[in-house]
Amino acid sequence: MTPRAILLMGPTASGKTALSLALARRYPIEIVSVDSALVYRDMNIGTAKPSRAELAACPHHLIDVIDPTDAYSAAQFVTDANRLVAEISARGKLPLLAGGTMLYYKALREGLSDLPQADPQLRAELEAQAASVGWPAMHERLHALDPATAARLAPNDAQRIQRALEVITLSGRPLSELHGAGREAAAPYPMLPLSLQIDDRAWLHERIALRFRLMLEAGFVDEVAALRVKYSALDLQMPSMRCVGYRQAWEYLDGQYDADVFFEKGVAATRQLAKRQLTWLRSMDSVALDCRAGDLTALACREIDRWLDTGKN
């Protein structure tokens with residue numbers, strides 16, 4: 001089979017996993033996760049990782065590939081995704097890249113930018129400044145220098161705020177501008193970008209709150225406590241602990257707030273993530289599907305059939 005891939009994008013709690021599995025019952029699909037949280041081992045509940053039954057129903061890739069103390073970049077994702085698309089296609093299967101990490105999709109579709117290498121001394125200086133004024137203040141500084149990048153980052157997203165300030169200091173150009181100038185070519189195979197979108201934010205917020213409550217009932221806090229024991233080097237500055245919910249659970253375990261405040265903070269962080277994902281989606285070309293549609297699977301299949309038929313001609 002000629003390499004090609006379906007992309008299934010969407011905000012958190014929009015139903016990407018359910019639709020992916022429904023499509024896998026209709027087509028010879030293998031699923032490639034496009035999720036910066038699902039790469040981590042032992043982070044199952046808080047990432048809404050597919051269950052064992054769901055993983056067994058269809059081959060999945062890029063899930064449980066690194067420890068929470070490790071890091072995984074957009075560049076590594078592009079390398080892995082391109083390799084997997086080729087391997088899955090060689091098996092006569094259809095790759096479905098599904099998830100909510102929009103930066104990974106952008107890197108795959110537009111190519112990687114020629115960004116400056118990390119500068120340990122500059123990073124140490126930025127961390128010292130943040131320790132003095134706080135990351136929200138650093139976010140405000142970034143907004144003055146690179147409003148496009150600041151708009152898609154949370155005020156406490158220390159890792160990405162630091163990197164954006166580092167890039168503009170070293171290169172003299174904002175990260176948003178450099179991201180628009182691809183160094184490496186986009187993926188060299190056809191892609192069908194489908195996106196689950198929603199106009200009714202209240203509906204999505206209700207789903208987010210319900211899912212977070214179900215995570216708590218499933219033992220999310222115990223999961224984070226176990227991570228702190230198993231991975232003794234783990235700390236809040238690592239990318240894994242900046243996944244939504246994990247920082248809040250960590251701080252709850254440290255006694256920084258009670259259970260009610262923890263729930264509110266976890267839900268609020270997830271809503272902010274969904275808002276950023278939807279902002280990304282509005283800037284990306286895709287076939288939009290209403291995630292509340294009762295015939296969602298049929299709508300997706302219609303687009304896929306049309307695309308597959310076009311590829312034959």
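User: Which residue is the bridge partner of I31 in β4?
Analyst: The partner of I31 in β4 is L96. Strands here are DSSP runs (E, at least two residues), and helices are runs of H or I with at least four residues, numbered from the N terminus. This is a predicted model, in which local features need pLDDT of at least 70, side-chain atom pairs count only at pLDDT 80 or more, and totals for chains, interfaces and linings use all residues. Residues are numbered from 1 along each chain as its sequence is written, and side-chain values use heavy atoms, without hydrogens and water.

User: Over how many bridges do β2 and β4 pair?
Analyst: Strand β2 (residues 29-33) and strand β4 (residues 94-99) pair over five bridges, in the parallel sense. Pairing requires at least two DSSP bridges between two strands.

User: What is the order of the strands in the sheet?
Analyst: The open sheet has six strands, ordered β3-β2-β4-β1-β5-β6, with parallel pairing.

User: Changing topic, which domains is the chain divided into?
Analyst: Domain 1 covers 5-113 + 184-311 and domain 2 covers 120-181; the bounds come from an automatic or database domain assignment. Each domain gives 10 residues to the contact, defined as heavy atoms within 4.5 Å.

User: How many salt bridges are there between them?
Analyst: The count between domain 1 and domain 2 is zero, where a salt bridge needs a side-chain nitrogen of Lys or Arg within 4 Å of a carboxyl oxygen of Asp or Glu.

User: Which elements give two or more residues to the side of domain 1 that touches domain 2?
Analyst: They are α4 (102-110) and α13 (259-282). The largest share, three residues, comes from α4.
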